Amino acid sequence: MVRSKVKLSVMSTLVVSATAFSMVSSLQAAELNVTVQNLTQGIYFTPILVSAHSSDASLFELGDTASTELQAMAEGGDIIGLVSLTDSLSANNLTNPAEGLLAPAQSAQGMLSTDDGNTVLSVVAMMLPTNDGFIGLDNWPIPTEAGTYTVYLNAYDAGTEANDEVRGSGMPGMAGFPVPGPLAPLLGEGGTGLDATIANAAVNIHPGNIGDDNESGGVSDVNNTVQRWLNPVAKVTIVISE
Amino acid sequence: MKLFTNKLRVGLVTASIVVIAGCSDSDNNEDPEIVLPAPVPYTYQVTVTNLTHAQPLSPIAVALHSSDVKWWSIGEAASDALASLAESGSNEALLSNAALFSSAAGNAPVAPGESVTLEISVDDIANAHISVATMLVNTNDAFSGVNGVDLSSLEVGGVYQRNAHVYDAGTEENTEAMGTIPGPADSGEGNSEGREAHDVVTLHPGVVTAGDGLTTSVLSADHKFDNPGVRISITRME
C-alpha cells in the first residue's frame with residue numbers, strides 16, 4: 001500500500017510541531033518529517049519527489065544511464081513517471097511538498113510514513129535553469145533511531161540532454177530548458193547555445209552552469225552572476241519519530 | 001553580607017560546590033553568608049584555515065553567546081552587522097553586540113593556505129554557543145564561518161571541526177566590478193549603500209571572473225573558490 005501525505009509549510013519549516021509526532025500510524029512504521037531547503041541564490045527546483053523504498057531499487061545511479069522516468073524529471077520537471085515507478089515498488093512517497101516551484105532559499109516540508117522494508121530515502125527535483133540538472137539523494141539509509149538528521153545534496157546531470165543553456169522545451173529529448181512563469185523575467189534570451197552534444201551520457205555530477213552577462217544574445221540564456229551554484233545545492237532535514 | 005547574585009546562578013548549576021557558613025550566630029539574618037567558589041572558566045582555541053586558492057580572509061570574528069543569537073539564517077535577510085562583515089570585511093559591528101558573552105577578533109587577514117588561532121573564554125557558562133565569521137575579500141559579499149555551534153558537550157581537550165560552506169550575504173550584487181571589491185584584487189569600496197541584491201542569505205554561487213565570461217569582472221581564474229572555503233577547528237582548553 002502506498003500512502004502519500006503532503007503537508008505544506010511555507011516558512012515555518014524550522015519549527016517541528018509537536019502534533020507531527022502524534023501522526024504515527026502504526027507501531028512498526030517510521031514517521032518522517034522531511035524538509036527540503038533550496039540553498040542556492042538563483043536556481044529553482046521543480047516539483048520534488050521524496051521516496052522511501054527498498055534498498056534494492058534506486059531512482060538513479062552515478063555512472064549509469066538515466067531511466068526514461070528520471071529523464072522526464074530532469075529535463076522537464078515531470079515526476080509522474082517516477083511516482084508510478086516507485087508506486088509499483090510499494091514505495092512510500094511524499095510528492096510535490098512545495099506545491100510547484102521551490103524558489104531559491106525557500107523550504108518545503110511534508111510528512112512521510114514508511115512501511116516495513118522501505119528502508120532507504122531518495123529525493124529528486126529538476127533544477128531550473130538547467131537542461132537536465134537535478135538535485136539528488138540516492139538511497140540514504142533511514143536511521144532506526146529517532147532524531148533529527150541533516151543531509152546535503154549535490155547537483156547531478158542526467159546525461160540525457162546537451163547543456164545548451166537556452167530557452168526551449170521540457171519534453172524529453174527536446175533541446176533547451178522549459179521556462180515556467182516565474183523564471184521568464186529572470187532569464188536572458190537569444191543565446192546561440194553552448195554545448196550541442198552530450199559529453200557524458202550517464203548520470204554524473206553536474207559541471208555547473210556557465211551562463212553569460214548578455215540578456216539579449218550571447219551564448220547562453222542563463223545569467224552568469226546569479227544562476228550558477230556550488231555544491232551542495234539543497235539541505236534535507238529528516239526528523240524521525242517512531 | 002550578600003554575595004549571591006542572580007548573574008552567577010547559571011554557572012552554579014555545574015559548579016556545584018557552595019559553602020554556607022556563619023549563619024548560626026544570628027536568627028535574624030535571612031541572607032546567610034555564602035562563600036562562592038572561584039569562577040569556572042571555559043576557554044576555547046579556535047583555528048581557522050583558509051582553504052581557498054586566492055581569497056584572503058578578513059580578520060576573523062569569534063563570539064560566544066546564547067542559543068538566542070544567530071548571525072545568519074539561509075532564506076532570511078542578513079543583519080546590518082553581517083552585511084558589513086560580508087561586504088567590507090569589518091568584524092566590528094558583528095562583535096559589538098551587547099548580547100554576546102565574549103568575543104575575539106583577528107588582527108590581520110588570513111592568506112590562502114594560512115591558519116590563525118584565536119582564544120576565547122567565558123566564565124561559568126557551560127552551554128555557550130560559538131559563531132565564527134570571515135569575509136572572502138576578493139568578492140562582493142561572500143563570507144564563511146560557523147553559526148551557533150552548541151559547545152555544551154565538548155569535553156576539555158575535545159575538538160569540534162567543520163569544513164565550512166561559503167555563503168552569500170545577498171546584500172550586494174555580485175558584479176565583481178572595479179571599485180566594488182575590498183580585497184587586493186580590486187581595493188575597491190567595502191560597504192555599499194542599502195540592499196542591492198536578493199536580500200536573503202544563501203550559499204554562494206561562486207565567482208564568475210572575466211575569463212569565464214563576466215566582462216566587467218576584475219577577478220581572474222585564481223579567485224575562484226569552491227566548498228568548503230575554510231576549515232574551523234575548536235578545541236576546549238579548560
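Figure 1. Of the 242 residues in chain A, 56% are buried, where buried means under 20% relative accessible area, exposed over 50% and partly exposed in between (1.4 Å probe, protein chains only). The model is predicted: local features need pLDDT of at least 70, side-chain atom pairs count only at pLDDT 80 or more, and totals for chains, interfaces and linings use all residues. Residues are numbered from 1 along each chain as its sequence is written, chains are lettered from A and ligands numbered from 1 in the order in which they are written, and side-chain values use heavy atoms, with hydrogens and water left out. Chain A has two helices and 10 strands, arranged along the sequence as β-β-β-α-α-β-β-β-β-β-β-β; helices (H or I, at least four residues) and strands (E, at least two) are DSSP runs, numbered from the N terminus. Contacts are heavy atoms within 4.5 Å; among those in chain A with a separation of 6 or more, 76% join residues 24 or more positions apart. Chain B contains three helices and 12 strands, and buried residues make up 48% of its 238 residues. In chain B, residues 24 or more positions apart account for 76% of the contacts with a separation of 6 or more.

**Figure 2. The interface of chain B and chain A.** In this view, 25 residues of chain B are in contact with 17 residues of chain A. The two chains bury about 1700 Å² between them, 54% of it on carbon and sulfur atoms; buried area is the accessible area (1.4 Å probe) that two parts lose on being put together, summed over both. Seven residue pairs, both at pLDDT 80 or more, are in polar contact across the interface, a polar contact being a pair of N or O atoms within 3.5 Å; within protein, one must be able to donate a hydrogen and the other to accept it, and residues adjacent in sequence count only if both atoms are side-chain atoms.

**Figure 3. A network of salt bridges that joins Arg228(A), Asp212(B) and Lys224(B).** A salt bridge is a side-chain nitrogen of Lys or Arg within 4 Å of a carboxyl oxygen of Asp or Glu. One salt bridge is counted between chain B and chain A, and in it the side chains of Arg228(A) and Asp212(B) meet at 3.2 Å, N to O. Asp212(B) also forms a salt bridge with Lys224(B), with the closest N and O atoms 3.4 Å apart. Both Asp212(B) and Lys224(B) lie in the loop between S11 and strand S12 (230–236) of chain B, so this pair ties together parts that are 12 residues apart in sequence. Asp212(B) is partly exposed, at 24% relative accessibility, and Lys224(B) is partly exposed as well, at 30%.

**Figure 4. Salt bridges of Arg195(B) with Asp80(B) and Asp199(B).** The closest N and O atoms of Arg195(B) and Asp80(B) are 2.7 Å apart. This pair links distant parts of the chain, with Arg195(B) in the loop between S10 and S11 and Asp80(B) in helix H2, 115 residues apart. For Arg195(B) and Asp199(B), the corresponding distance is 2.9 Å. Arg195(B) is partly exposed, with a relative accessible area of 31%; Asp80(B) is exposed at 61%, and Asp199(B) is partly exposed at 23%.

Figure 5. H2 (residues 80–88) is mostly covered, with seven of its nine residues buried. Among the buried residues are Leu82(B), Leu85(B) and Glu87(B). The elements that cover them include strand S4 (61–65), helix H3 (92–95), S7 and strand S8 (142–150) of chain B. After H2(B) comes Gly89(B), whose phi is positive, near 85 degrees.

**Figure 6. Thr134(B) in strand S7 of chain B.** Strand S7 spans residues 129–135, and Thr134(B) is buried at 2% relative accessibility. The side chain of Thr134(B) reaches the backbone oxygen of Ser58(B) at 2.7 Å. Beyond neighbours within four places in sequence, the contacts of Thr134(B) include Leu57(B), Ile60(B), Leu85(B) and Phe143(B).

**Figure 7. The surroundings of Glu165(A).** Glu165(A) lies in the loop between strand S8 (147–157) and strand S9 (204–205) of chain A. The backbone nitrogen of Gly211(A) is 2.8 Å from a polar atom of the Glu165(A) side chain. Not counting residues up to four places away in sequence, Glu165(A) touches residues including Asn131(A), Phe177(A), Leu194(A) and Val222(A).
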